[in-house]
Amino acid sequence: MKRMGIALGCAALLGFSGCATPPAGALRIGSYNIRYSAGDLETPNAWDCRKADLVALVKRLDLDVFGLQEVCPDQAEYLREKLHEFEFVGEHRDADRVSGEASPVFYRKSRFQPLKSGTFWLSETPDVPGQRGWGAACPRVCTYLILRDKSDDRVFCFANTHTDHVSEKARTEGMKLIIARMKDFGAGVPIVFTGDHNCRYDDAPARAVRKVLKDGRDVSETRPSGPRNTFQGFGKYKDGPVDKDGKTYKDYCIDYIYVSDGTRVLDFTTHDDKRPGTDLYPSDHFPVTATIVLP
């Protein structure tokens, strides 16, 4: 009964073209950088001001599995309380594994059985917690989770990361590390890979991933909906250049959903919802979602 809401509103909500209902076994997946809680204090964009609207948006997206980025311990506890239908995995990035930001993977408890999970650090010593790699501004992690869908026994891997925002080398080498490890943590099953990768489509990290996985935007069976950009800085990057290359906010498509060969991507959406009754956003990024059917 839960999926009836999707079927009735699929053209508007999911981007389907004339569909009646999602195919059996379809998964709603997504990625969302929720902006860390220590930023924007004493402003309308402070976490305490926007957290309820952010959770409400996540609920409206009606996801089955999704990756978040910049999740601090206090945010993790709030999300655990408010998104009680989900469980999540993912260690925090500092050396003690419980402080600093995390890039967790959330899954719907009623539908999936977790089989294996892990977190590693994007550095020259990936199994040593808290390490910064290749000149990164801060430690970065990748979290993965292998799930069994109770509805049809299909098994797949969902991986999620947030690569460095300062060091180009860290972004590139970190992505190479993730790709190299996919064979191990993916265990030969289909892979979904999400995250804020802090790179544009033509940058080296994105090109490297597309050698082994498909960009969901590229292979969507219906035209992707929503804005092209996924980063908007709480709306302040709407005009003028935002970096030394003269790129504007319209060029900042830096949040991704990748899938294995053979996976159908039925739709792809960037959601630019504002907080109700305001001209503000729940985060400085837009969430991206897709509806997929695993091979």
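At what angle do helix 3 and helix 4 pack, and how many Å apart are their axes? In this predicted model, in which local features need pLDDT of at least 70, side-chain atom pairs count only at pLDDT 80 or more, and totals for chains, interfaces and linings use all residues, the two helices pack at an angle of about 45 degrees with their axes 11 Å apart. That angle makes helix 3 oblique to helix 4, where angles under 35 degrees count as roughly parallel, over 145 as roughly antiparallel, 65 to 115 as roughly perpendicular and the rest as oblique. The axes are lines fitted to C-alpha atoms, for helices over the stretch in contact, and the angles run from 0 to 180 degrees between N-to-C directions. Residues are numbered from 1 along each chain as its sequence is written, and side-chain values use heavy atoms, with hydrogens and water left out.

As a setting for this pair, the secondary structure of the chain comes to seven helices and twelve strands; helices (H or I, at least four residues) and strands (E, at least two) are DSSP runs, numbered from the N terminus. Of the 295 residues, 55% count as buried, the term standing for under 20% relative accessible area, with exposed for over 50% and partly exposed for values in between (1.4 Å probe, protein chains only). Among contacts (heavy atoms within 4.5 Å) with a separation of 6 or more, 71% join residues 24 or more positions apart.

The helix 3 and helix 4 crossing is right-handed; a crossing is left-handed if the near helix is turned anticlockwise from the far one by less than a right angle, and right-handed if clockwise. On the helix 3 side, Trp 47, Arg 50, Lys 51, Ala 52, Val 55 and Lys 59 take part, and they meet Asp 74, Gln 75, Tyr 78, Leu 79 and Lys 82 of helix 4.

Helix 3 itself has 15 residues and reaches 20 Å from its first C-alpha to its last, close to the 21 Å expected at 1.5 Å a residue; the expected span is 1.5 Å times one less than the number of residues. Its buried residues are Trp 47, Arg 50, Leu 54, Val 55, Leu 57, Val 58 and Leu 61. Strand 1, strand 2, helix 4 and strand 12 (288–293) are included in what covers them. Just after helix 3, Asp 62 takes a positive phi of about 55 degrees. Although not a glycine, Glu 42 has a positive phi of about 60 degrees, and Glu 42 is exposed at a relative accessible area of 86%.

Which residues of helix 4 are buried? In this helix (residues 73–82) they are Gln 75, Ala 76, Tyr 78 and Leu 79. They lie on the same side of helix 4 because they cover an arc of only 165 degrees around the axis, taken from the directions from the helix axis to the C-beta atoms. Glu 77 and Glu 81, on the other side, are exposed. The buried residues of helix 4 pack against helix 3 (47–61), strand 2 (65–69), strand 3 (86–89) and strand 4 (105–108).

Thr 172, in helix 5 (residues 168–185), is buried with a relative accessible area of 17%. Leaving aside neighbours within four places in sequence, Thr 172 is in contact with Ala 204 and Pro 205. Arg 181, also placed in helix 5, counts as partly exposed at 23% relative accessibility. With neighbours within four places in sequence again left aside, Arg 181 is in contact with Phe 120, Pro 126, Asp 127 and Gly 186. Arg 181 and Phe 120 are 61 residues apart in sequence and 9.8 Å apart in space, C-alpha to C-alpha.

Beyond the helix, Ala 187 lies in the loop between helix 5 and strand 8. Ala 187 is not a glycine, yet has a positive phi of about 55 degrees, and counts as exposed at 52% relative accessibility.
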